[in-house]
Amino acid sequence: KKAFYFAIVCLMLLPTGALSQTRRRTTNSNKRSTRATAADTTQPASMGVRAGAERVADQIKNLTRFLYLLGGVARGIETADDAARRGQASNAVQDQTARSKETVRTSLQNVREGLDKLETDFRATPELQRYYIKLAGSAAGAATAEEQAGAGQYDQAGRSLLGVVNRLTDVLLEMR
């Protein structure tokens, strides 16, 4: 499953420029509007939008790194929980598992708080408000993952976070 998640994350991060049309086709009747549009898209984004895009990119990097690590930790927790149910786990293993579960919960809480702050900043910054609509709900997705991890559903928590990464990627694509 870890390889599956890693493959999905890699696919999401592939540049989409290769899939786009390479030559602009225009008609004579709208040549001027096409030139204006092309000029607008080649101008650099404002500093505020660029800084916002960098923050979204940082969140994507942090989440993908966390998801990669979560896969291994979740598998270890599941294995230890199974051993504990069968009565084959020592107290040390059970203590380590409890610490791992708490670390995952704390990490997910930090992820949610970071996404809350990102949403708040986008909503409060005039240059970024138009991107807030796509960003809204990211923190809610992280909160869902936090609840799922609290209930021991680490696989579902990872899937919820993949949805958050997808949302952030959509925001980043719109900001370019």
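Predicted model: local features only at pLDDT ≥ 70, side-chain atom pairs only at ≥ 80, totals over all residues.

Reader: Okay, so why does threonine 169 count as buried?

Author: Its relative accessibility is 13%, and the cut-off is under 20%, so threonine 169 counts as buried.

Reader: Where does threonine 169 sit?

Author: In helix α7. The buried residues of α7 also include Tyr154, Gly158, Leu161, Val164, Leu168 and Met175.

Reader: Switching to α6. How many residues does α6 have, and how far does it reach?

Author: Helix α6 runs over residues 138-150, which is 13 residues, and reaches 19 Å from first C-alpha to last, close to the expected 18 Å. After α6 comes glycine 152, with a positive phi near 85°.

Reader: Which residues of α6 are buried, and what covers them?

Author: Ser138, Ala139, Gly141, Ala142, Ala145, Glu146, Gln148 and Ala149 are the buried ones. Their cover includes α4 (91-124), α5 (129-135) and α7 (154-175).

Reader: Let's take α4 then. At what angle do α4 and α6 pack?

Author: About 170°, with the axes 8 Å apart. Angles over 145 degrees count as roughly antiparallel, so that is what α4 is to α6.

Reader: Who makes the contact?

Author: On the α4 side, Val104, Leu108, Val111, Leu115 and Glu119 are among them, and on the α6 side the residues include Ser138, Ala142, Ala145 and Ala149. By class, the contact has 9 nonpolar, 3 polar and 5 charged residues.

Reader: What does leucine 115 touch?

Author: Leaving out residues up to four places away in sequence, leucine 115 touches Gln59, Ser138, Ala139, Ala142, Val164 and Leu168.

Reader: Last topic: which residues touch the most other members of the largest nonpolar core?

Author: Val56, Leu115, Phe122, Leu161, Leu168 and Met175, out of 33 residues in that core. Two or more residues each come from α3 (47-85), α4, α5, α6 and α7, and α3 gives the most, with 10.

Technical notes. Residues numbered from 1 in each chain as written. Heavy atoms only, no water. Helix = DSSP H or I, 4+ residues; strand = E, 2+ residues; numbered from the N terminus. Expected span 1.5 Å × (residues − 1). Buried < 20%, exposed > 50% of the residue type's maximum accessible area, 1.4 Å probe, protein only. Contact = heavy atoms within 4.5 Å. Core = buried A, V, L, I, M, F, W, Y, C linked by side-chain atoms within 4.5 Å. Axes fitted to C-alpha atoms, helices over the stretch in contact; angles between N-to-C directions. Parallel < 35°, antiparallel > 145°, perpendicular 65-115°, else oblique. Nonpolar A, V, L, I, M, F, W, Y, C, P; charged D, E, K, R; others polar.
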